[in-house]
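My notes follow in the order in which I looked things up.

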Amino acid sequence: MLLSFDCAVSALADCIIRERCSAPGSDSVESRVSVTQFLMRLHASMPDYLRLPMRCLTLAFDAWPLLITGKPFHRLSHERRCRQIEAWRHSRFGKFRDLIKFYDSLVIFGWYSALYPLTPDAPGRSAVMSPARQGRLSVHE
């Protein structure tokens, strides 16, 4: 298949991780896969009115270099991918910039969540919630 939403998301995540998240000793294939899976789960859980436009815009992003290189984004070298992301990041079209902001923020969030997962026994967190708090949880806490 020439264009692929899954491959485009994976390539975007990989490039953003390399560009913005990699630190010595923190590069793991498992973390990269978990970020891609995180993005795919988020997309699948979007309401219909957002899911289709996000899919279409991501596929347009994947198709963008076809006229110049004959290859979709996900088949480009890392350097060419980074140049395309940077071009869209600074595009005069707001939707292009918004797409990259969307992926930037979620990839960074997913990457650090995979590297440093919160556990109930983490410092500063209680494994058991106090009975007083159990009945008071709200969306705003």
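I took a cavity to be a set of points, on a 1 Å grid over the protein atoms alone, where a 1.4 Å probe fits but cannot get out, and a pocket to be an open set with protein on both sides within 12 Å along at least five of seven lines; lining residues have an atom within 4 Å of a point. Grid points are joined across faces, edges and corners, and a volume is the space filled by probe spheres set on the points.

I kept in mind that this is a predicted model, in which local features need pLDDT of at least 70 and side-chain atom pairs count only at pLDDT 80 or more, while totals for chains, interfaces and linings use all residues. Residues are numbered from 1 along each chain as its sequence is written, and side-chain values use heavy atoms, with hydrogens and water left out.

Searching the whole structure, I found 1 cavity of 30 Å³ or more, and the largest cavity holds about 30 Å³ of space. Its lining consists of Phe5, Val9, Leu39, His43, Met46, Phe102 and Tyr103. Helix H1 (5-21), helix H2 (29-45) and helix H6 (94-115) each give two or more residues to this lining, with helices taken as DSSP runs (H or I, at least four residues) numbered from the N terminus.

I then turned to Leu39, which touches Val9, Ala13, Tyr103, Leu106 and Val107 when residues up to four places away in sequence are not counted, contact meaning heavy atoms within 4.5 Å. In the largest nonpolar core, which has 28 residues, Leu39 is among those that touch the most other members, together with Leu12, Phe61, Ile85 and Tyr103. Such a core is a set of buried Ala, Val, Leu, Ile, Met, Phe, Trp, Tyr and Cys residues joined through side-chain atoms within 4.5 Å, where buried means under 20% relative accessible area (1.4 Å probe, protein chains only). H1 supplies the largest share of this core, 9 residues.

Next I looked up the largest pocket, whose volume is about 160 Å³. Its lining is made of Trp64, Pro65, Ile68, Thr69, Leu76, Arg80, Arg83, Gln84, Ala87 and Trp88, and the largest share, 5 residues, comes from H5.

Last, I checked confidence: pLDDT, the predictor's confidence in each residue from 0 to 100, averages 83 over the protein, and 78% of the residues score at least 70. Over residues 127-141 the pLDDT is below 50, and this stretch has 5 contacts in the model beyond near neighbours in sequence.

Methods:
Buried < 20%, exposed > 50% of the residue type's maximum accessible area, 1.4 Å probe, protein only.
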